[in-house]
Amino acid sequence: MRKLNAVGTIVITGALLMGGCGNFGKNADKPNREEAVIINEDEKVGGSIETGDGYGFTSFDLEIDVDGKDAIDANYDVTKKANADYENKLQNIKLKDNKAMDELNKMFIEIRITKDTPQQEVIDKVLQWFGLETYSKFDLEVDFDDGTLLNIEDVK
């Protein structure tokens, strides 16, 4: 009888230890505590360049003329399907799709415009990116993720 009690005690103790300390369920390979993710309220829908989910806008359409001649055309649109075109006649560059996106990505990361960026600051950042001091026409339309539209049309 003593042997039966000792074996029973060992089995029950073992079961309690394994149940209390072990993680043998169907989620055994998952950590018990997930990492917290801090999300800025303004970045929940669509993301932004800071969250890595996007640039903060769904379309970017830029046209710059210098001395009355077409100089820069840059288009980026992800409303239905990712689409990008980039043409810089000053440097004899004409790119489409992934190659255009690679170049536009560099600019978007550098200039980092948001819906709250003042228009003159946007113009200055874009001109600086392209190494331009002046323009005869600057036309930019940006549709931000939250539905805000930035439309800059300036003709000199």
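Is D67 buried or exposed? I looked this up and found that D67 counts as exposed, at 70% relative accessibility; exposed means over 50% relative accessible area, buried under 20%, and partly exposed in between, with a 1.4 Å probe and protein chains only.

**Entry 1: the model.** I noted that this is a predicted model, in which local features need pLDDT of at least 70, side-chain atom pairs count only at pLDDT 80 or more, and totals for chains, interfaces and linings use all residues. Residues are numbered from 1 along each chain as its sequence is written, and side-chain values use heavy atoms, with hydrogens and water left out.

**Entry 2: the whole chain.** I counted 3 helices and 6 strands in the protein chain, in the order α-β-β-β-β-α-α-β-β along the sequence. These are DSSP runs numbered from the N terminus (helices: H or I, at least four residues; strands: E, at least two). Of the 156 residues, 28% count as buried.

**Entry 3: positive phi.** I recorded that most residues other than glycine have a negative phi. D67, which is not a glycine, has a positive phi of about 55 degrees. I located D67 in the loop between β1 (57-66) and β2 (69-77). For D97, also a residue other than glycine, phi is near 55 degrees. D97 lies in helix α2 (residues 97-111) and is partly exposed, with a relative accessible area of 46%.

**Entry 4: a buried charge.** I next examined D65, in strand β1. D65 is buried and has no salt bridge, a term for a side-chain nitrogen of Lys or Arg within 4 Å of a carboxyl oxygen of Asp or Glu. The nearest side chain of opposite charge, K137, is 4.6 Å away; Lys and Arg count as positive and Asp and Glu as negative, while His and the chain ends are not counted. Leaving aside neighbours within four places in sequence, I found D65 in contact (heavy atoms within 4.5 Å) with D70, A71, Y135, S136 and K137.

**Entry 5: strand β3.** I asked which residues of β3 (residues 83-88) form the covered face. They are A84, Y86 and N88, whereas N83, D85 and E87 form the uncovered face. In a regular strand the side chains alternate between the two faces of the sheet.

I then traced the pairing, which requires at least two DSSP bridges between two strands. β2 and β3 are antiparallel over 6 bridges, and a hairpin joins them through 5 residues. N83 in β3 is the bridge partner of D77. β3 and β4 (residues 93-96) are antiparallel over 4 bridges, with E87 opposite K94. Their hairpin has 4 residues between the strands, and N92 in the turn has a positive phi of about 55 degrees.
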